[in-house]
Amino acid sequence: MDKLVTTRLLGAAGLTGILAAGCGLVGDEAEQHAAVVDRTCLDCHNPIEQAGNLNLESVNFDAVAADAETWEMVIAKLRAGLMPPPDGPGLDADARTELVAFIEEEIDRDAEPHLPAPGLHRLNRAEYSNAIRDLLALNIDATSFLPADDSSFGFDNMAGTLTTSPALMEAYLSAAGRIARLAIGTETAPTLAVFDAPHDTSQNTHIEGLPFGTRGGMLIEHEFPADGEYVFTVKGMTGYFTRVLGNVGGEQLEVTIDGERVYLYDWDSEIGNTEGNGGRTPPIEIAAGFHTVGVTFILTSDLPDTGLNTSFVRTMNSPGAISGYTFYPHVGQVFIEGPFDGRPAANTQSREKVFECYPESVAAEGECARQIAATLVSNAFRRPATEADLDAMMDFFVAGREQGGSFDHGIEAVIQRVLADPEFIYRSEIEPDDIAPGSPYRISDLELASRLSFFLWSSIPDAELVSLGVEGRLHEPEILEQQVQRMIADPRSQAFIENFTGQWLNVRGIAASEPVVDIFPDFDSTLRDAFRREIELFFASVIHEDRSILDLLTADYTYVNERLARHYGIPEVYGSQFRRVQLSPELDMRRGLLGKGALLTITSQGERTSPVARGKWFLETFLAISPPEPPPGVDTDLAPVEGSAPTTLRARLEAHRINPSCVSCHTIFEPMGFAMENFDAVGAWRTEDAGTVIDPSDVTSDGIPLEGIHSLRDLTVSRGELFTQVVTEKLLTYAVGRGMEHEDMPLIRSIMRSAAEDDYRFSSLLMGVIESPAFTMNMKSGASEG
């Protein structure tokens, strides 16, 4: 008799009855937990109701591991406190913890490693740019060569979504030719590069990276393709009818190359009175290579606003159209044209990197070219070059030498061929021939070197990693840990910080945030950039100081410059440079990630906060729970009714609490969103909404009272194990390049448990991920034998 029939015949006996009759006897502990599930779950999760498409009567409780996918969903709901519902049978904390521990132990006890190979892995744009930098000492912007990358599982480095197409391959081939010319310095035809200031720019203060004693302007990083003369054109920020804005006269604007002045504009005569056409510099001789261009105003006057006519921080909101406002001129666009009379580069960072030798005669060219090709191939393909590789590259050298007429053109052809090769564009791992399909195997040390470098640097492995890979020693635990420590200390690990936080926390999304200017007139590009930088510096401190990952929730410090400190209400911080500040008790709301302006802004709408979006974001980001989308046809418009008295957002959201189609979900995430209501839509602290004192209190779906951001943070810390699981899962996803599935959960839990012994320090989680079978092993494709 099947289990469902048995359950129905036994009636109230439910799962407990199944365990005792018809399914084999199990231990007392299993019977005890089956009774808990019977009492708290089966009213909803039965063959008739099937709430959430889940029927727990049909599962076999004495063989939990056999239906691990279902039980992993149960674990997630129980850990997050989302089940049972508040109006259902109660489940105290101890019983919940014991039940979860039992289910996890049953799943984990005999779990087999889940080791699907990520597959052929194309370099994404960030990886491509960094690889070019490390291979050729050339700084490029891959967005000018390649289309945007698709994302899945929250990241854009997933092998399964980094597919290719004929159009994309054409883009790679075109990029290879242009980059090869830039590297050698033979790109001598004039080009035009245009740089725009953000439309919400504010340029009344100093910009970090520009000379002291200056204000505003733009800081530009540019790769000058060849030696020659270049012309700069600077346009002012304009208003209606292309009139250059600004009512402060006598301004001077300097152009600098690597900090050295090369031209000084008189703003009024050369730019301000040109009806938006801008002012051109005379031709300026500039050597090829990567240079930092500064375009900034000399700080010759400081005209403070009057007490009555204080301008907005977003200075473009008060451009002098209203009498009494002071508006400094702003740089709007910078054009770089050239080279004119261009000459092949004589000495650049890239040429120094590429030309490790240079022949003194034609007879010596072949040997030198082969040496250069060997280095390029070894670095680009992440393995030692073979004779066959070099023979193929030498064919291209000879053809390029003949066509271009010089040794340099021959090397240019070699670089182009290397960059177009699938071994550079793709990361692949070779399956061994001597094991059966379905069998696990350890990837080679060279493949491990690539996985490490693309994980921590988003780039190709360096010579030290490749050398250890060739020697077959990289996988040795002591050496592996030493290399990870070295790589984290290397400046290239900044790519990990930017790409991981940018996607896990969606800090990249701040670039698209456009708060309504009439409501938030002080929000500008300077604040937007500061938000992003704060998150990166904060996350970096946890990594480099090897703090507990839980410090991401509780740390009593943050990083601010004057602009961000002003927004947060932190006194006595001056200048554009970021510095670490301790948070006083009055600024306790800024502790940890929950108090960071970037995250509070990207979870809001342009004109208001969104407790719904913030609550859902909280569950997804901190507890790994994805609430369902609203049912079709449900009205989600919360705009105030025209002509009605102002009401708080909370009052308008009460409609969700009385609508049966909404209440079951909104009671799950809205309490978390309400707890963050004291932060407005740009992350500033407030106490009122529509003239009414904000009430941030609510009760979670499992009955825990929340009184605001402090209690929400405490709740997250109390569920720190679940937060750590989220971070571990995201790290493993980003590291391996594939999404985690329910089969991966035993491994994730084992990494967490090991890290728990070291207070969840970042290094423990990181090494747990890197030493895990998922990172160091694959499963051979094909059906397993037997």
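Partly exposed describes a residue whose relative accessible area falls between the buried range, under 20%, and the exposed range, over 50%. Asp391 has a relative accessible area of 41%, so Asp391 is partly exposed. The model discussed here is predicted.

Asp391 has a charged partner. Its side chain meets that of Arg370 in a salt bridge, 2.9 Å from N to O. Asp391 sits in helix α11 (residues 387-404) and Arg370 in helix α10 (residues 365-381), so the pair ties together parts 21 residues apart in sequence. Arg370 is also partly exposed, because its relative accessible area is 24%.

## More charged pairs

Side chains of opposite charge can pair when their charged atoms come close. The whole structure holds 45 salt bridges. One of them joins Glu285 and Arg343, whose closest N and O atoms are 2.5 Å apart. Glu285 belongs to strand β8 (residues 284-286) and Arg343 to strand β10 (residues 331-343), so this pair links parts 58 residues apart in sequence. Glu285 is partly exposed at 47% relative accessible area. Arg343 is partly exposed at 34%.

Which residues form a salt bridge at 3.5 Å, N to O? They are Arg563 and Asp524. Arg563 lies in helix α20 (residues 562-568), while Asp524 lies in the loop between α17 (494-504) and α18 (525-544), so the pair ties together parts 39 residues apart in sequence. Both residues are buried.

Salt bridges can also form a network. One links Glu72, Arg79, Glu104, Asp108, Glu721, Arg749 and Arg753.

## A buried charge without a salt bridge

Glu412 is part of helix α12 (residues 407-420). Glu412 is buried but has no salt bridge. How far away is the nearest side chain of opposite charge? That side chain belongs to Arg181, and the distance is 5.1 Å. A salt bridge requires the nitrogen and the oxygen to be within 4 Å.

Glu412 does have a polar contact. Its side chain meets the side chain of Thr186 at 2.6 Å. Beyond its neighbours within four places in sequence, Glu412 touches Ala180, Arg181, Ile184 and Thr186.

## Val736

Val736 is found in helix α26 (residues 720-736). Is Val736 buried or exposed? Val736 counts as buried, because its relative accessibility is 3%.

Leaving aside neighbours within four places in sequence, Val736 is in contact with Pro118, Ala774 and Phe775. Val736 and Asn157 are 579 residues apart in sequence, yet their C-alpha atoms are 9.0 Å apart in space.

Technical notes:
Residues are numbered from 1 along each chain as its sequence is written. This is a predicted model: local features need pLDDT of at least 70, side-chain atom pairs count only at pLDDT 80 or more; totals for chains, interfaces and linings use all residues. Side-chain values use heavy atoms; hydrogens and water are left out. Helices (H or I, at least four residues) and strands (E, at least two) are DSSP runs, numbered from the N terminus. Buried means under 20% relative accessible area, exposed over 50%, partly exposed in between (1.4 Å probe, protein chains only). Lys and Arg count as positive and Asp and Glu as negative; His and the chain ends are not counted. A polar contact is a pair of N or O atoms within 3.5 Å; within protein, one must be able to donate a hydrogen and the other to accept it, and residues adjacent in sequence count only if both atoms are side-chain atoms. Contact means heavy atoms within 4.5 Å.
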